[in-house]
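Me: I have a structure open and I'd like to go through it piece by piece. Could you help me with some questions?

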Amino acid sequence: MADLASCESHRALRGMPPGEAVDRRRRRAVPKECAGLERHMGSQPRTVMVKHARGSCGVVQRRHCAEGSVSCSQVTGAIRFPRGSARSRCRAVMDWNPQTHYQDRKIAARYDDERFSRLTGRVFNWLEKSSVLRAFADVPKPGRILDLPCGTGRLAEPLLEAGYSVMGVDISPAMLEIADRRLARFGSRFSSFACDVHQMAARSERFDAALCARVLMHFPLPEQVSFLKAVAAVTIGDVVFTQSLSTPYQRMRRAVKRLIGNPPPAAHPITEDELRRLLAGAGLCETRRIRPMPLLTEEIIVVARHLS
C-alpha cells in the first residue's frame, strides 16, 4: 500500500481548518491486513469506520485513486493510526454506505439495541420521541404522516400512539420487517412500503406531513437537497427533519471525540448557511426548531413548510 501522505486526497488536507487536518507525524503506511477492506469498496465513495487493535477509530471515505488501482482514504474526520508498527491489525467495523448497510438483516436486528439500550441511549430516545411529537403539534389528528426513512419504526411509534396514521417507507425490507412487528398493534393505521425516496416521489400519494429522521447527515449537501425536495413533493403540510448542526461548539466537541477515539456522529453536519440552502433548494422555509439536548448532541429537529 502507498503511504497515505502520497495520496492527492490527503494533500487536500492542507487547506482544511485548524483541528480538522491529520497530524502528518501520526500517519503511517496502511497495514497489509487492511487490504481486506477493499472488497467492501466499489468506485463509489463509502463511509467506513475502521477500528485498530491498538489505537482509535476514525471515519474515512475510501475511493480508488485516479492515478491507478491503489486504494486510498480521504479523511472526513481525523483518523489516528496506532502507535508503533504500521502492521498492527485492523478490521472494518461498519460499512456506512447508507444505500446498502441496513439491508443486512443482522444489522437491522441489532440497530435499536446498539443505540438505545444503555442509559444515555434510553434518555436520548425518550427526548427525541418527545421532541418529534412537539414538532407535529400543529398537524391535525388523525393526519396521515409519511415516515421516510422509517427504519425500525422507532419514531413512528409515538406518532401512532398520539392518534396519527403513518406510512413507513424505507429502502431496507429488513428494517421494515422489524417496524411491522413492532407496530402491528396499530392495525391499519400503520402501513409500510419498501422503496427509495425518488420512487416514492413518483407515486401519486400525498401526505398531510412527513418525517425525515437520521438520514440527511449521511449525504453531501446536494444529495440532501434532492432527498428533501422529493419528500416535500409528496407532502401537503409540514416537513419535519433532523440534521446535525455544525457550530463552533459542536466542532470543538467533534474534535475532542476524535482525540479520544470516538467516530463523529454524522458524516455531513451542516452550518446555518447550508441549512438555509437546503431549505431553499427543497422549496421549504423553517417555521421552528427543536433541540433535544443542545449541550450534549448536535441534533436539531427542523419544522418546515412549503414556500408557496
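Me: Where is Pro-149 found?
Reply: Pro-149 is found in the loop between E5 and H5, and in this predicted model the peptide bond that leads from Leu-148 to Pro-149 is cis, with omega near 0°.

Me: And which residues does the other cis bond, with omega about 0°, join?
Reply: A cis peptide bond joins Lys-141 and Pro-142, with omega of about 0°, and Pro-142 has its place in the loop between H4 and strand E5, which covers 144-147.

Me: OK, what is phi near in Arg-214?
Reply: Phi of Arg-214 is near 55°, which is a positive value in a residue that is not glycine. Arg-214 lies in the loop between E8 and H8, and because its relative accessibility is 24%, Arg-214 counts as partly exposed.

Me: Now H4. How far apart are its end C-alpha atoms?
Reply: The end C-alpha atoms of helix H4, which runs over residues 119-135, are 24 Å apart, and this agrees with the 24 Å that its 17 residues should span at 1.5 Å a residue.

Me: Which residues of H4 are buried?
Reply: The buried residues of H4 are Gly-121, Phe-124, Asn-125, Glu-128, Ser-131, Val-132 and Ala-135. Around the axis they cover an arc of only 135°, so they sit on the same side of H4. On the face turned away from that buried side, H4 carries the exposed residues Leu-119, Trp-126 and Arg-134.

Me: What do the buried ones pack against?
Reply: The buried residues of H4 pack against helices H3 (111-116) and H5 (156-161), and also against the strands E8 (209-212), E9 (239-244), E10 (284-290) and E11.

Me: Which residues does Glu-299 touch?
Reply: Leaving aside residues up to four places away in sequence, Glu-299 touches Phe-124, Glu-128, Arg-214, Thr-242, Gln-243, Arg-291 and Pro-292. Among these, Phe-124 and Glu-128 are buried residues of H4.

Me: Next, H10. Which of its residues are buried?
Reply: In helix H10, residues 272-281, the buried residues are Leu-275, Leu-278 and Leu-279. Their arc around the axis is only 95°, which puts them on the same side of H10, while Arg-276 and Ala-280 are exposed on the other side. What covers the buried residues of H10 includes helix H8 (221-233), E9, E10 and E11. Just after H10, Gly-283 takes a positive phi of about 75°.

Me: Last topic, how many aromatic pairs are there?
Reply: The structure holds 2 aromatic pairs. Tyr-102 and Tyr-111 form an edge-to-face pair, at 5.4 Å centre to centre and with 80° between the planes, and both of these tyrosines are buried. The rings of Phe-219 and Phe-227 have their centres 6.4 Å apart and their planes at 25°, so that pair is stacked, and both Phe-219 and Phe-227 are buried.

Terms used
Residues are numbered from 1 along each chain as its sequence is written. This is a predicted model: local features need pLDDT of at least 70, side-chain atom pairs count only at pLDDT 80 or more; totals for chains, interfaces and linings use all residues. Side-chain values use heavy atoms; hydrogens and water are left out. Contact means heavy atoms within 4.5 Å. Helices (H or I, at least four residues) and strands (E, at least two) are DSSP runs, numbered from the N terminus. The expected span of a helix is 1.5 Å times one less than its number of residues. Buried means under 20% relative accessible area, exposed over 50%, partly exposed in between (1.4 Å probe, protein chains only). The arc is that of the directions from the helix axis to the C-beta atoms. Rings of Phe, Tyr and Trp (its six-membered ring) pair if their centres lie within 6.5 Å; planes under 30 degrees apart count as stacked, over 60 as edge-to-face and the rest as tilted.
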